[in-house]
Amino acid sequence: MPAVQETIEQVRNIDVDQYKYGFESFIEMDKAPKGLSEETIRFISAKKGEPDWMLEWRLGAFRRWLTLEEPTWARVHYPKIDFQDIYYYAAPKSTPGPTSLGDVDPEILKVYEKLGIPLKEQEILAGVQKPTDDGEASDNVYKSGRVAVDAVFDSVSVVTTFRAELAKAGVLFMSMSEAIKEHPEIVRKYLGSVVPTTDNYYATLNSAVFTDGSFVFIPKGVRCPMELSTYFRINEKNTGQFERTLIIAEEGAYVSYLEGCTAPQRDENQLHAAVVELVALDDAEIKYSTVQNWYPGDKDGKGGIYNFVTKRGDCRGDRSKISWTQVETGSAITWKYPSCILRGDDSRGEFYSIAVSNGYQQVDSGTKMIHLGKNTSSRIISKGISAGHSNNTYRGQVSVNRRATNARNFTNCDSLLIGNDCGAHTVPYIEVKNSSAQVEHEATTSKISDDQKFYVMQRGIPEEEAIALIVNGFVKDVIQELPMEFAVEAQKLIGISLEGSVG
Amino acid sequence: MNIHSTPKLTAAETALIDAFGERFSELPGDATVAVKRDDAVEALKAGLPTRRVEAWHYTDLRRLLTNVPGYDSTLAARAKPALLAGSTVLPVLNGVSGAGASIDGATVTRLVDKLLDGSFAPALGPREPADTVGALNTAFVADGYFIDIAAGAEIAAPIEIQNVQAGGQTHSRFPVRVGQGAKATIVERQTGAGNALTSSISHLTLGEDAELLWIIVQDQPDGATCLSQFNAELAKGSRLTLFFMNAGSKLVRQEIRVRMPGEGADFKLRGINLLSGDTHCDVTMMLDHLAENTTSTEIVRNVANGAAKGVFQGQIKVAKDAQKTDAKMACNTLLLSDEAEFSTKPELEIFADDVACGHGATVTEIDRNHLFYLMARGIDEKTARGLLVKAFVAEIIEELEDEATVEVLEGILDDWFAEHV
């Protein structure tokens, strides 16, 4: 049975030509000269007023990068990127770095307002709902008053909300540039300790040219009092966005962090090569959620963001836990594998993903669970939906090291195809070197079973509704992992795309 | 990563290329075959595949292939009694085929004759750059059998291809054509004494509505290297059951490449890998569902003991036109020792939107509850473990139905357990 009409229509609703965030804003920008060289890196470092060690770290990465070749193993195809044809630094002239809200260019505030991300704390707290141009984007998690936002606009963070309140709890939440200046000892200790500068082609490039990103530090025993979030916006033409996020949860700390991203509609492809590093010490827990909605290109596959991201969490401490949840609908090409290194004994890694691809989008995404400590466990739940001419690949690795006694993994990945011009692929790598391990993997590509449907329908529920019910059950695994406020927004996105589809 | 340099040839690579230089004048074939051989050796000169080549991700042949003995025509290999009683045995002894046999409903030709007259040349050559087994075999292939089963023939007695090594190196091919509606059983044995380097390739073309059971048993000595390939093409409505059992050799690469261009074709794969010592055994399956209503199920069970390393890569592709495909693959592994390893990559690549495909993979130790159940009934732990491990693999054999066949295969299983567990 092919996908039902309702599903097809609903996936169509989030098809590439329905992209809602494609507007462009004209803001005067301060840019580095085009191209990549040691000069560019010195320019970025000087702009940010960085200490020498940071510049050296960047230059080291750059020299390493020059010796590397672009990887080709992923199931994605694109013309070669001209790294000399990109601006590596673009900051709004009026707001060249993080500042207080009053100093932020009203034009930029307008952009965020249009996206539904209010940055004015008083208004958020007062629950003021300003009418926006796009009514649909207005009631989302960011207006709930329980989320602190770091707004990154092209290469710089323009403002971080609720800092004072977070500081009371001892939580450090600021842009990476500020952290390098204000807390160099912490940054130096952890930066590159999870994703080293030598890690891979794009991570090495990012190490050399990263311009901003978010820094989160939760001290020992603190439960972060609110959701933290970074909203990434690419606005300027021909720029690449290279952000670096570092989240550290000390012993017993807890944080839930959300990431959102959008970009204007353009014919050119833009590169986004981020690195995210998470460190969880003993008993700490980090929950990292992403709603990735970069511009996916038009219906003919023209334009769109290349999303080449390295995300990795290190469960460094015993009993620590890192959980990745991602809802992927955007980007022309996605190439990312949020991973967990389960180093501490009894540590746990989780990965929940829904990836919907439309148009000519190409998704090659998944995770890596590297079991090193004893009694470590991991769970992978991935749901992929391909439509149009897109290709959607799950690629994941579960590796149980010789010393990882009693490691446990459960992996489940399901895919659905809508139409006959797309592809769904599953490429799991399972490597077990310890006999006490329990590793289970299952993957399916199929339709809702007639039995399930019959069961619901014979209770008087019409077919389409029955399918919707079953599908809601199908995605529940992933949705329930999202922070509550965020889930509402994501559910809308997913509700649209999954209803009427399959398991 | 990704720093490329032209590789310096390893000792094994050099030995292979040198062996070709020495053997070339004696290898059978007309000019068309010679050209294929030359091209294949050129491919080998680029170096054996490493982990970077995706199809060889878990078997770094460049590092693992160290045993390259020369061809030795003086070695004597003896034919063995047939595995299944009443079989017609077609022996290849130390790389040389016998006179052949006459089988009602089938024609058997020595492959050396088809190399000499060049009629086999079109089938030679690697299928793609990563087809190292194909390249190696093309360069050196000297003999084998061509079995042609007539349309409508129902051959009751199994036909046993017996590839017996005596040491040195041998390279053989076994093309098999099964006519429309024919039925037969073929047993392929890779066996012998001495630590030989073997490459062996079979090609099966299954006609419309034909039905075939193919059983591969590999039990070469502990130091042997066995590189083999099973190719099959399934026409409309045909049914193939492939059963394999690996219970020997130090280095095994077994490729199973099946294409299903015929509507309604069915493929069943049942495999057992018994791994011990420092064996490295890689079974790689590439299956293409190319037509509507094709079905397949694949079950591979592995038991790894000692410091053995096992690999199963199973790739199922479903083409755009292969609607209503039903494909299910499972790979289950029991690790019996702390040094044993198993890696698996079950891959699905799907371009049709109305299919049911699934794969499952597990790697575990023996279930404690099962063990407890048996021990609570007064069975000592060692015996209980033995029972459970055997049951885990024997399940696959029992599916074969024919009692005599099941008994023989379980016998091999018992022998292996007695010796290695």
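**View 1. Helix α3 of chain A against helix α9 of chain A.** Here A:R58, A:A61, A:F62, A:R64 and A:W65 in α3(A) meet A:T204, A:L205, A:S207 and A:A208 in α9(A). Meeting, or being in contact, is a matter of C-beta atoms, placed from the backbone, that lie within 7 Å. Sorted by class, this contact has five nonpolar, two polar and two charged residues. For the classes, Ala, Val, Leu, Ile, Met, Phe, Trp, Tyr, Cys and Pro count as nonpolar, Asp, Glu, Lys and Arg as charged, and the others, Gly among them, as polar. The model is a predicted one, in which local features need pLDDT of at least 70 and side-chain atom pairs count only at pLDDT 80 or more, while totals for chains, interfaces and linings use all residues. Residues are numbered from 1 along each chain as its sequence is written, and chains are lettered from A and ligands numbered from 1 in the order in which they are written.

Helix α3(A) spans residues 52–66 and α9(A) spans residues 201–209; their axes come within 7 Å and cross at roughly 145°. Axes are lines fitted to C-alpha atoms, for helices over the stretch in contact, and angles run from 0 to 180 degrees between N-to-C directions. Helices (H or I, at least four residues) and strands (E, at least two) are DSSP runs, numbered from the N terminus. The α3(A) helix passes α9(A) in a left-handed crossing (the near helix is turned anticlockwise from the far one by less than a right angle; clockwise would be right-handed).

**View 2. Helices α1 and α2 of chain B.** Now look at α1(B), residues 11–23, and α2(B), residues 31–45: their axes come within 10 Å and cross at roughly 160°. That makes α1(B) roughly antiparallel to α2(B) (angles under 35 degrees count as roughly parallel, over 145 as roughly antiparallel, 65 to 115 as roughly perpendicular and the rest as oblique). This crossing is left-handed. On the α1(B) side sit B:L16, B:I17 and B:F20, which meet B:V41, B:L44 and B:K45 in α2(B). The contact has five nonpolar residues, no polar ones and one charged.

**View 3. Helices α6 and α7 of chain B.** Residues 368–375 form α6(B) and residues 381–398 form α7(B); the two pack at an angle of about 125°, with their axes 9 Å apart. That makes α6(B) oblique to α7(B). The crossing is right-handed. From α6(B), B:H370, B:L371, B:L374 and B:M375 meet B:E381, B:A384, B:R385, B:L387 and B:L388 in α7(B). Six of the contact residues are nonpolar, one is polar and two are charged.

**View 4. Where chain A touches chain B.** Across this interface, 38 residues of chain A are in contact with 36 residues of chain B. The largest share of the chain A side, 10 residues, comes from β23(A). That side divides into 18 nonpolar, 15 polar and five charged residues. Strand β24(A) pairs with β19(B), residues 356–364, in the antiparallel sense over seven bridges (pairing takes at least two bridges found by DSSP). A:V439 stands opposite B:V363 in β19(B).

**View 5. The two domains of chain B.** Domain 1 covers 74–368 and domain 2 covers 369–421, with bounds from an automatic or database domain assignment. Their C-alpha centres lie 24 Å apart. Between them, 21 residues of domain 1 are in contact with 20 residues of domain 2.

Terms used. Two residues are in contact if their C-beta atoms, placed from the backbone, lie within 7 Å.
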